[in-house]
Amino acid sequence: MHVVLSISAKRLALGLATLLAISLIVFFSVELLPGDLAEAVLGQGATPEAVAALRHELGLDRPAAVRYMAWVLDLLHGDLGRSLATGRSVAELVADRLGNTVVLALAAAAIAMPLGVGLGILSTVYRGRAFDRVASTASLAGISFPEFFTAYMLVAIFSVKLGWLPAVALVGTGESWLQRLVVLTLPALTLALAVVAYVLRMTRAAIVGVMAAPYIEMAQLKGISPVSIVIRHALPNALSPIINVVILNLAYLVVGVVVVEVVFVYPGLGQLLVDSVSKRDIPVVQACCIIFAATYVLLNLLADVLSVLSNPRLKRPRQQV
Amino acid sequence: MNILGKLNRAPLSAKIGIGILAINVICVLFAPWIAPYAEGQVVGDPWAPGLVGAPEGDLAPTTLLGTDHLGRDVLSRLIFGARNSILIALLTTTISFSIGITCGLLAATMRGTVDQVLSRIVDVMMGFPTLIFALMVLAILGSSIPVLIGVIALLDATRVFRITRAVAMDLEAQDFVEVARLRGESIGWIMRRELLPNAVSPLAAEFGLRFCFVFLFIATLSFVGLGIQPPTADWGSMVRENAAAISFGILMPLFPASAIALLTVAVNMIVDWAVASTSGVRNDN
Amino acid sequence: MTIEQRVISMHPAVNREVILDIRGLEMEGFSGGSWHKIVHGLDLTLQRGEVLGLIGESGAGKSTVGLAAMGYARSGCRVTGGTVLFKGQDLLRMPAAERRRLRGLKIAYVAQSAAASFNPARRLMDQVIEVAVTRGGRSRDEAVRDAQDLFHRLALPNPETIGFRYPHEVSGGQLQRVMTAMAMACRPDIIIFDEPTTALDVTTQVEVLAAIRRIVEEFQTAAIYITHDLAVVAQLAHRIMVLRHGRLIEEAPTRVMLAHPQHEYTRSLWAVRKLAKDPEPRGDELLKVRGLLAHYGTVPVLEDVTVEVERGRTVAVVGESGSGKSTLARVITGLLKPASGEITFFGEQLPRAVKDRSKEQLRRLQMIHQSPDASLNPRHTVREVIGRPLEFYFGLSGQRREQRIVQLLDMIELSSKYLDRLPSALSGGQKQRVCIARALAANPELIICDEVTSALDQLVQEEILKLLLRLQGELSLSYLFITHDIATVKAIADRVVVMHKGRVVQQGTKAEVLTPPHPAYTKLLLSSVPDVDPDWLNRLLAARQPAVSSVAS
């Protein structure tokens with residue numbers, strides 16, 4: 001067991017290092033600004049006094065290293081600073097939106113993951129036949145389409161032509177769960193379509209990669225049936241790449257929500273990020289980036305650890321007979 | 001004639017892909033001569049219907065695909081947009097490959113510290129979701145075409161680095177590289193003469209895939225309003241500017257969106273075929 | 001069973017029931033964009049309880065035929081004609097489901113690489129009993145007990161528990177025997193053995209060979225034994241078929257074929273065994289390696305190795321995998337830095353790392369690798385390959401470089417029409433010649449040859465060895481020849497160094513090392529090399545009795 005532990009510990013250390021590096025990048029990239037944040041906020045015409053005052057207010061007159069430490073400490077306490085645009089607490093701003101984004105991503109994942117893995121396995125069982133070819137072409141299209149294309153196609157069909165579902169996904173606080181579900185359908189479907197395509201292709205590739213191994217030929221020569229070969233002989237060896245695929249696509253979903261939220265005007269974190277970038281509301285951008293990146297890093301870490309756990313070679317290191 | 005013969009035997013999907021790509025290339029090369037109107041010319045009312053999708057009994061439309069939110073000809077904007085969108089993506093991919101291949105080969109040949117440093121930097125950059133990273137940089141530096149190209153090329157170079165390094169590491173383990181080292185050849189010679197020629201064909205397919213990614217990425221940024229800025233015609237921005245029309249039942253934003261989707265599907269189909277035809281036949285028992 | 005009984009059993013009763021009858025088998029393989037014929041109208045019969053040896057070199061189609069005997073064709077291969085009758089039923093024309101039911105149950109297969117052919121994610125026992133339980137009508141407990149019994153018969157250590165390990169926890173020689181047990185689990189009528197010992201060291205090979213022979217005999221199972229090694233097949237087969245380019249060259253009972261081969265090609269299958277260099281007297285010291293110590297990480301791979309090479313002479317370093325012989329080559333060439341010890345070459349001490357050595361030091365010491373495929377850049381033409389050292393070491397260019405290239409090609413007996421060829425357009429032997437020319441282009445004093453013939457067919461091996469001997473005579477070259485093959489040692493060496501587990505266990509002139517008395521390991525190594533003699537294994541086992549299974553680690 002110690003091998004698994006030590007590898008997991010290494011991955012964990014790397015994950016934490018990545019998080020640290022990301023916080024450094026997020027914080028210090030602001031230093032790249034011509035002039036500094038205060039000048040950027042107040043613009044060209046500001047008086048030096050005003051700039052100095054804002055600089056003091058923002059704490060910019062302290063050394064960068066001190067400010068970074070303070071920023072990280074605040075971050076760990078859940079204090080994300082104040083929005084430059086509205087003056088509101090970033091934490092409040094983010095908290096509302098984060099819940100919406102998580103609900104959307106989970107809804108999409110619940111549709112996409114089982115469907116993608118299942119279709120991927122079916123594709124290998126029937127590889128080379130009609131089902132596989134249709135799945136292959138459809139999924140190629142699925143990964144080639146930009147999300148906004150899929151989104152507008154769905155809107156054109158379900159909202160404009162059929163009028164079944166709303167084209168925008170405005171959610172307030174007072175709706176019932178059913179209303180929320182109706183509103184969520186199109187955004188979740190858009191995300192799910194892309195993810196199903198990715199998961200299908202990667203699952204298929206993982207199993208087909210294993211199917212070229214000599215032990216699969218051996219299984220064929222033992223007279224094992226094709227379905228049993230895929231399920232009992234190939235799948236256990238493809239498990240670790242498939243787990244990886246699923247989690248990496250979860251990570252992708254978290255980022256993919258940005259575009260879908262914009263299309264459907266869904267009040268999530270992605271929408272907030274895009275708005276803040278165009279307003280150059282740096283504290284909000286920093287907070288959103290940290291949240292997205294941390295989720296992404298943690299999911300990647302989870303994928304790494306799970307794929308270690310599903311490898312029998314690592315579970316039982318070689319012992320001499 | 002060898003290439004023509006190969007084309008002839010290509011599957012239908014690849015032929016369609018090549019056809020679509022050819023139309024796009026023609027638009028890129030000859031935009032000012034094919035487009036019926038100039039890039040920014042106003043030709044009618046906003047969102048006037050074109051010949052395609054016009055309601056029955058309407059006044060005879062003067063344009064094929066209608067007009068956009070400012071009354072400019074959509075077809076002309078699409079043709080000029082092809083030029084901008086594709087050339088910027090192509091330039092970005094080329095820069096990203098130059099950086100990625102150089103660093104990847106360097107890491108594989110030098111090993112040791114150089115490899116460790118480059119690989120860890122890339123690990124961190126890839127630990128950061130690309131779109132988020134790009135949005136952050138754009139928030140700070142503002143969106144302009146050089147910034148866009150620079151940021152995306154750098155982010156994409158991390159992927160190219162990973163692949164090049166993996167390919168080069170496989171090659172590097174081969175005896176012919178050992179022979180060159182034993183002869184006393186320099187790092188540069190090993191990279192250029194021993195590794196690069198053998199890495200070209202696996203990387204060629206990758207170029208197609210990375211191009212698709214970069215192209216979609218720029219389109220996405222333009223779509224959220226942080227990519228190519230107006231009045232430059234660009235497919236992603238065209239979707240964004242006209243997105244509101246869809247609520248009125250006007251399908252105009254679907255034209256640029258389809259153009260984007262078609263091109264990426266086409267390139268993917270060609271790459272699929274190229275990969276399949278170089279990896280040989282597989283008939284399963 | 002006594003030796004006499006075995007000798008008798010080598011001649012099975014004539015006209016027993018024919019259980020496998022292949023008639024006019026035609027097969028094609030896909031390469032270079034089209035289908036080519038790879039098996040030409042082959043006939044083959046197998047009687048109940050008979051062991052048939054199928055022998056040939058690479059590309060002979062022996063594995064393809066072996067798999068066709070199960071009604072199976074690999075991807076990129078297809079059957080285009082003929083019949084494969086198993087007990088009168090044509091495997092090629094029966095429904096796929098029916099054919100599948102016969103596989104594993106009535107006809108079983110043992111693959112070359114057991115390590116790759118066992119599913120790494122499943123325990124050995126689950127794989128061994130899979131067919132017996134799903135289709136053989138046995139309960140799991142019964143099947144497990146039977147498998148343990150088979151493990152015991154195959155002389156596997158810990159037969160009760162070894163089945164519950166994962167493949168990566170068991171050594172290669174043992175895996176090969178577990179795979180034999182898996183084939184035997186349903187007591188099939190036929191087992192196809194596809195080079196089951198080729199990937200093993202000679203001392204391990206003996207054990208596996210003995211185990212396979214015993215169990216096949218005990219259960220009177222008919223077998224097709226596929227190999228490129230005549231000496232190996234001679235120990236098991238009642239009858240041998242020699243294949244070349246998908247055609248039958250010769251077919252005869254084993255003893256008849258070995259005593260009176262009808263065909264020149266059959267004789268050439270043991271070509272290298274007939275070469276023997278007359279040892280030369282001692283010469284001047286050229287390379288001296290003293291007290292070498294090297295590690296991979298913390299694992300010691302060389303311990304206190306001292307070796308000397310004289311001018312114009314050949315030193316053969318012989319040992320099995322893991323003996324450290326290739327590591328020795330890497331240390332001498334500077335690819336691996338030793339922890340301690342010194343290398344003196346051409347009168348001066350060599351820096352440990354290749355990057356610290358001068359161009360002149362590098363030039364004098366050249367190396368030829370095992371696999372000519374891997375040591376030639378697939379994108380460089382013959383001209384570029386041979387021309388580069390001329391340019392690099394001597395600054396030759398243009399006409400002078402061209403002349404020298406042609407001269408070098410002439411030395412390795414290739415015509416100048418090969419100048420613009422890429423390696424993919426050359427045969428294995430031609431590629432290795434080009435590698436030799438590339439080494440010669442540097443005008444070296446010493447060439448390190450790392451298993452340079454082991455990837456080649458016998459006939460080509462013989463040619464390459466003869467070429468190296470001739471070049472040595474003409475150019476007074478010195479060779480450090482690394483090999484695992486005793487026949488090659490006999491063919492080329494003046495002096496021999498025997499290595500085992502990173503240490504030199506014996507060194508001396510060829511006569512000293514190859515004639516008794518031997519130190520224990522040398523004796524084990526030399527006695528494990530099969531002779532082209534059907535009684536060799538019997539004699540060896542009789543001599544080693546009683547503890548056959550404790551011979552190797």
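Q: Taking contact to mean heavy atoms within 4.5 Å, how many residues does chain B bring to its contact with chain A?
A: This is a predicted model, in which local features need pLDDT of at least 70, side-chain atom pairs count only at pLDDT 80 or more, and totals for chains, interfaces and linings use all residues. Residues are numbered from 1 along each chain as its sequence is written, chains are lettered from A and ligands numbered from 1 in the order in which they are written, and side-chain values use heavy atoms, with hydrogens and water left out. Chain A takes part with 43 residues, and chain B with 41 residues.

Q: How much area do chain B and chain A bury between them?
A: The size of an interface is often given as the accessible area lost when the parts come together. Buried area is here the accessible area (1.4 Å probe) that two parts lose on being put together, summed over both. Carbon and sulfur atoms carry 80% of the area buried between chain B and chain A, and the total is about 3,700 Å².

Q: Which side chains meet in a salt bridge between the two chains?
A: A salt bridge is a side-chain nitrogen of Lys or Arg within 4 Å of a carboxyl oxygen of Asp or Glu. The count between chain B and chain A is one. At 3.6 Å from N to O, the partners are Arg201(A) and Asp272(B).

Conventions: Contact means heavy atoms within 4.5 Å.
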